[in-house]
Protein chains: 2
Amino acid sequence: MDSQRFQKQIEFMMEIDKLKQIFRQSLLTDGSRHENSAEHCWHLAVMTMFLYEYSQEKEIDCFHVVKMLLIHDLVEIDAGDTYCYDKTETKDQAEKEKKAADRIFNLLPEDQAKEFRTLWDEFEARISLASRFAHALDRFQPLLHNYQTQGRMWQVNGVKSSQVKARMEPIKDGAPRLWRFALDLIDDAVRKKMLDR
Amino acid sequence: MDSQRFQKQIEFMMEIDKLKQIFRQSLLTDGSRHENSAEHCWHLAVMTMFLYEYSQEKEIDCFHVVKMLLIHDLVEIDAGDTYCYDKTETKDQAEKEKKAADRIFNLLPEDQAKEFRTLWDEFEARISLASRFAHALDRFQPLLHNYQTQGRMWQVNGVKSSQVKARMEPIKDGAPRLWRFALDLIDDAVRKKMLDR
């Protein structure tokens, strides 16, 4: 056993525990508290296991999507979570996240650091069908959480339905068969006064 | 799109959110709060991605292990988390968990319910090398969390080192190259008075 290699793996294992302390804008479906990014990633990974049939890919590499989703938020350990409707905060977020990726993934042994970074770069680039499906799920889940919690966080943040629709576009792109459902949900939220027109 | 099938998938997706409210005995590594089962499963899934080289299997199906670990605690939504050193509580736990599996996995469409149940049964049976590696990680992670938090939960529950060693046996079985490290950590915890002999 290569003890230096193992030590790096243990260090990374302890470091990523911090993702459990990064809280997102979304609430749990019972509205009791905000969701953290680690449990959010878990939710998306399990969703992939039973929703991959809605991907655009004919022969989807399900594990590839799961791996991307499991690690896509790790950069938030340094860069924090940015609320998607806050334009001032998102400006230099990309730079902060790149720096975070440089530090965090490099805690791993070199071959694994490279593998994780490549996955994260693919997710961020949003070009491959796999990464576009991953993004679709990453948008789809908070949409359902917002709907389940009667749009509380939409109201708190004064978000309008046009903004939500624009934000949800990756669903149309990455999981087009979920798009109609997403649009209907948004329209229903407006009808039920959870969300401003 | 089969709307009945999709409706079941969405129902399952909302149901599993409840795992984020099931709290374990283990603390986060900074000791600030107890860990919940959803974020615990996320941690184990990511660990599989960089620790699979310590499995007994020569050609490990990494995704198979990840899938087992992502869903292995879902039964706790109904059955709760049982503290591993509490013998009175573990008595009828198996029966409660089986009932929970019957209800929860069957929210999914039939083919997927069967797939998830098969994964869970394999994990529980602990016969396949993949499931034994999954169990090894499931024991290894809280060991490190307990060590990182100076054994606070060991002390709170009056646990002794012999009990911890017995509890960690699945590591020897499923990831034998991690066993020496685990034993050294336990001995070091005794030396540092985090854990009673």
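**View 1. Arg24(A) is buried in this predicted model.** Its relative accessible area is 11%, so Arg24(A) falls under the 20% limit for a buried residue. The side chain of Arg24(A) meets that of Glu35(A) in a salt bridge, with N to O at 3.1 Å. Distant parts of the chain are linked by this pair: Arg24(A) sits in strand 1 of chain A, and Glu35(A) in strand 2 (residues 34-36). Eleven residues separate the two. Glu35(A) counts as buried too, because its relative accessibility is 0%. Over all chains, the structure holds 36 salt bridges.

**View 2. Asp78(B) and Arg103(B) form a salt bridge.** The closest N and O atoms are 2.7 Å apart. Asp78(B) belongs to helix 4 (residues 76-79) of chain B and Arg103(B) to helix 6 (residues 93-105), so the bridge ties together parts 25 residues apart in sequence. Asp78(B) is partly exposed at 40% relative accessibility. Arg103(B) is partly exposed as well, at 34%.

**View 3. Glu169(B) and Lys172(B) pair within helix 11 of chain B.** Their side chains meet in a salt bridge of 3.6 Å, N to O. The two are three residues apart in helix 11 (residues 169-174), so about one helical turn separates them. Glu169(B) has 37% relative accessibility and counts as partly exposed. Lys172(B), with 39%, is also partly exposed. In chain A, salt bridges that share partners join Glu15(A), Lys18(A), Asp78(A) and Arg103(A) into one network.

**View 4. Asp17(A) is a buried loop residue that touches chain B.** The loop runs between helix 1 (3-15) and strand 1 (23-27) of chain A. Relative accessibility is 2% for Asp17(A), which therefore counts as buried. Its side chain makes a polar contact of 2.6 Å with the side chain of Lys20(A). Leaving aside residues up to four places away in sequence, Asp17(A) touches Leu28(B), Thr29(B), His43(B) and His145(B).

**View 5. Glu35(B) and Lys20(A) bridge the two chains.** Their side chains meet in a salt bridge at 2.7 Å, N to O. Four salt bridges are found across the interface of chain B and chain A. Polar contacts between the chains number 30 residue pairs, both residues at pLDDT 80 or more. On the chain B side, six elements each supply at least two contacting residues: helix 1 (3-15), strand 2 (34-36), helix 2 (37-51), helix 3 (62-71), helix 7 (110-125) and helix 8 (129-148). Helix 2 gives the most, with eleven residues. By class, this side has 33 nonpolar, ten polar and ten charged residues.

**View 6. Trp42(B), Met49(B) and Phe50(B) lose the most area in chain B to chain A.** The area buried between the two chains is about 4,700 Å². Carbon and sulfur atoms give 71% of this area. Together, Trp42(B), Met49(B) and Phe50(B) make up 17% of what the chain B side buries. The contact takes 53 residues from chain B and 53 from chain A.

**View 7. Chain B can be laid on chain A by a turn of 180°.** The RMSD is 0.0 Å, and the shift along the axis is 0.0 Å. The two copies are thus related as by a two-fold rotation axis. The same surface serves both: 100% of the contact residues of chain B recur in chain A.

Terms used: Residues numbered from 1 in each chain as written. Chains lettered and ligands numbered in written order. Predicted model: local features only at pLDDT ≥ 70, side-chain atom pairs only at ≥ 80, totals over all residues. Heavy atoms only, no water. Contact = heavy atoms within 4.5 Å. Buried area = accessible area lost by both parts, 1.4 Å probe. Polar contact = N/O pair within 3.5 Å; in protein donor to acceptor, adjacent residues only side chain to side chain. Helix = DSSP H or I, 4+ residues; strand = E, 2+ residues; numbered from the N terminus. Nonpolar A, V, L, I, M, F, W, Y, C, P; charged D, E, K, R; others polar. Least-squares fit on C-alpha atoms with pLDDT ≥ 70 in both. Buried < 20%, exposed > 50% of the residue type's maximum accessible area, 1.4 Å probe, protein only.
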